[in-house]
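Here's a quick tour for anyone meeting this structure for the first time. Take a look at it, then read on.

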Amino acid sequence: MEREQLLVRQQFGRAFETETEAKGEIPWKSLEVPARPPMLPLFGKVKSFLMTEADVVANRPPAPPSTKSEAFAKELAEIKSFSQDKSREHLEIVSFWADGVDTYTPPGHWNAIASETFVQQSYSEVRWARNLALLNVAMMDARN
């Protein structure tokens with residue numbers, strides 16, 4: 001395993017690990033100690049499975065609201081309400097969707113949610129496999 005990692009580093013250099021620059025109105029910076037680099041900085045280079053490049057571009061969501069907008073302020077207030085009201089329910093929601101290192105991350109959340117439904121519906125293993133494949137291909141293409 002160490003030999004494989006060394007070969008990857010030699011082939012792609014340190015830029016492969018993460019040499020990224022945060023951009024935007026307020027650039028992202030890690031508040032963790034020690035600071036960590038952005039997760040999956042090269043994920044934007046992944047190609048769609050089912051969609052053409054034109055489809056990917058045509059189906060992109062709009063940019064997030066400006067940090068100076070009313071929409072941003074409203075969404076920020078919602079997030080702040082979770083940190084101010086530390087009820088058991090809010091803590092469970094925040095913990096579930098935290099998406100830090102060593103967590104499900106968003107695709108894993110949807111797989112877990114789907115799995116609960118498949119158990120309730122008594123799906124066969126074949127139906128499980130098909131539905132999880134469809135779900136994950138859709139999520140992969142949606143992220144483009």
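## The big picture

Keep in mind that this is a predicted model.

How much of the chain is tucked away? Of its 144 residues, 12% count as buried. The accessible surface comes to about 12200 Å², and carbon and sulfur atoms account for 59% of that. As for contacts between residues at least 6 apart in sequence, 46% of them join residues at least 24 apart.

## A look at helix α4

Helix α4 covers residues 70-84, which makes 15 residues. From its first C-alpha to its last it reaches 21 Å, close to the 21 Å expected at 1.5 Å a residue.

At the start of α4, have a look at Ser69: one of its side-chain oxygens reaches to within 3.1 Å of the backbone nitrogen of Phe72.

## A nonpolar patch

Now for the surface. Ile93, Phe96, Trp97, Trp110 and Ile113 make a nonpolar patch of about 430 Å². Two helices, α5 (88-96) and α6 (105-120), each supply at least two residues of this patch.

Take Ile93, which lies in helix α5.

Conventions:
Residues numbered from 1 in each chain as written. Predicted model: local features only at pLDDT ≥ 70, side-chain atom pairs only at ≥ 80, totals over all residues. Heavy atoms only, no water. Patch = residues over 30% accessible without salt bridge, like charges linked within 9 Å, V, L, I, M, F, W, Y side chains within 5 Å. Areas by Shrake-Rupley, 256 points an atom, 1.4 Å probe, with all protein chains shown as cover. Salt bridge = Lys/Arg side-chain N within 4 Å of Asp/Glu carboxyl O. Helix = DSSP H or I, 4+ residues; strand = E, 2+ residues; numbered from the N terminus. Expected span 1.5 Å × (residues − 1). Polar contact = N/O pair within 3.5 Å; in protein donor to acceptor, adjacent residues only side chain to side chain. Buried < 20%, exposed > 50% of the residue type's maximum accessible area, 1.4 Å probe, protein only. Contact = heavy atoms within 4.5 Å.
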